Amino acid sequence: MTVNDQLEPIADSSDRAGAAGPMSFTRRTLLGGTGIAAVGSAFAAPALLGPAVAAPTAPEGEMVPILEGTASQTAAINGNAFHDGVLYVGSRTAPSPGTPRLAAFDPLAEELLWVQDLELGSSSGITQIAADDDHLYIGASGHTHLFRQDRATGETEQWLQLGGASTIPYSMRLEGEHLWIGTYPDCRLRRITVASGEILDFGRIGASTYMVGIALDEDHVYASTAAPGELKVFDHQGNLLHDLTEHLVESPVGTLKVIAHEGLLYVSVGRAVLSMRPDGTERVERPIPDEDRYVDHFDITPDGRLIALARNTTNYYEVTPDGLECLGAPPRTCRTSDSRSWRTAPWWASAASGTSGPPSSAARPRSSPPRRPTSDTRRPCSPSSRTAAARCGWAGTSP
């Protein structure tokens, strides 16, 4: 079933993902340059007046607001995938009923490629996105089906049903020929063979309703849950090998992320980053600073280092064998107490060139490894006060 129309071609972008060959798209908004122009309503409501002030005389004729569309591209983003140099992000809520929003960016060139509203028939938004050479795989709230978009034509179809009427994708990982899905509210892990659509159900992972963490290595599949927090190890055929739940620490959020790296499993759980072998041996616990609250993301750099990103402060750390080494925080423009603005570069910026802010594709080729931070190319970790935190956008979020 096709759920959105064809899309307009992206000018001079035949070498970009999602823009191969002749196309005719509609409902995909193409925005040039590096920014998005805000679109608001042309109708402004009069200010509220006190009882002693006469209301202004209304103009003759009926006043009808002119609706120009949503004032922002989306209320919040949710779900993302990076493939072939293109970053895809989805909207957490639908800007208009039944049409969650999808956008594509070139993050190194700081360029918005396109925005598209997907007619999925639900008032909820996108939960997860994955991408390969041919398709985007999209999970959405209120849908027990996965959706699949052809990256060459932009056509989106309702693809596979995951479970009962209330089952939705909550976590997603694409690895080789398989798409791995953790679902809500049944807290199950499913493996989908992309070519055939065959689904292998690994079963319920724990007592939670949220199956949140998926990690893979050559021999193991790791699955973890939100509170109360459970952690299981399977082989790739779905056989349970180990239950590592007893190796976790008490956490109000259960586990958040898991990643496999160089023979170890790393787990973000509450106020700690844990590592252990698949059987639970060689366990190491690394406390997370209070101001960071939780680690929400892991990633591996091109030169093989494991990076952890914190929620409250957006500090990011290199996960070392016995601890966490703070590398700084992403760049942002902040205002100091004397109203001066300042901006610092992230740890991966080119220290040699003295540049600050995100590097351009020319300054940092996609194949080049990130650089280690220096004291003048990163923002210090950990704000000194809540006032400083609020001034620089470090406001905390709920779990």
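Modeller: Two strands count as paired if DSSP finds at least two bridges between them, a strand being a DSSP run (E, at least two residues) numbered from the N terminus. This is a predicted model, in which local features need pLDDT of at least 70 and side-chain atom pairs count only at pLDDT 80 or more, whereas totals for chains, interfaces and linings use all residues. Residues are numbered from 1 along each chain as its sequence is written, and side-chain values use heavy atoms, without hydrogens and water.

Colleague: OK, what stands opposite R173?

Modeller: R173 of strand 10 (residues 168-175) faces W180 in strand 11, and these antiparallel strands are joined by seven bridges. Two residues lie between the strands in this hairpin, where G176 takes a positive phi near 60°.

Colleague: And which strands are at the edges of the four-stranded sheet?

Modeller: That open sheet has the order 18-19-20-21 with antiparallel pairing. Strand 18 (255-261) and strand 21 (284-287) are the edges, and because each has a single partner strand, one side of each is left without a neighbour in the sheet. Strand 18 pairs with strand 19 (residues 264-269) over six bridges, with K257 opposite S268.

Colleague: Switching topic, which residues touch the most others in the largest nonpolar core?

Modeller: Y88, L102, I129, L136 and I138 do, out of 16 residues; such a core joins buried (under 20% relative accessible area, 1.4 Å probe, protein chains only) Ala, Val, Leu, Ile, Met, Phe, Trp, Tyr and Cys residues through side-chain atoms within 4.5 Å. Strands 3, 4, 5, 6 and 7 each supply at least two residues of this core.

Colleague: How many residues are in the other core?

Modeller: That separate core has 14 residues, including L244, L248, L265 and V267.

Methods
Buried < 20%, exposed > 50% of the residue type's maximum accessible area, 1.4 Å probe, protein only.
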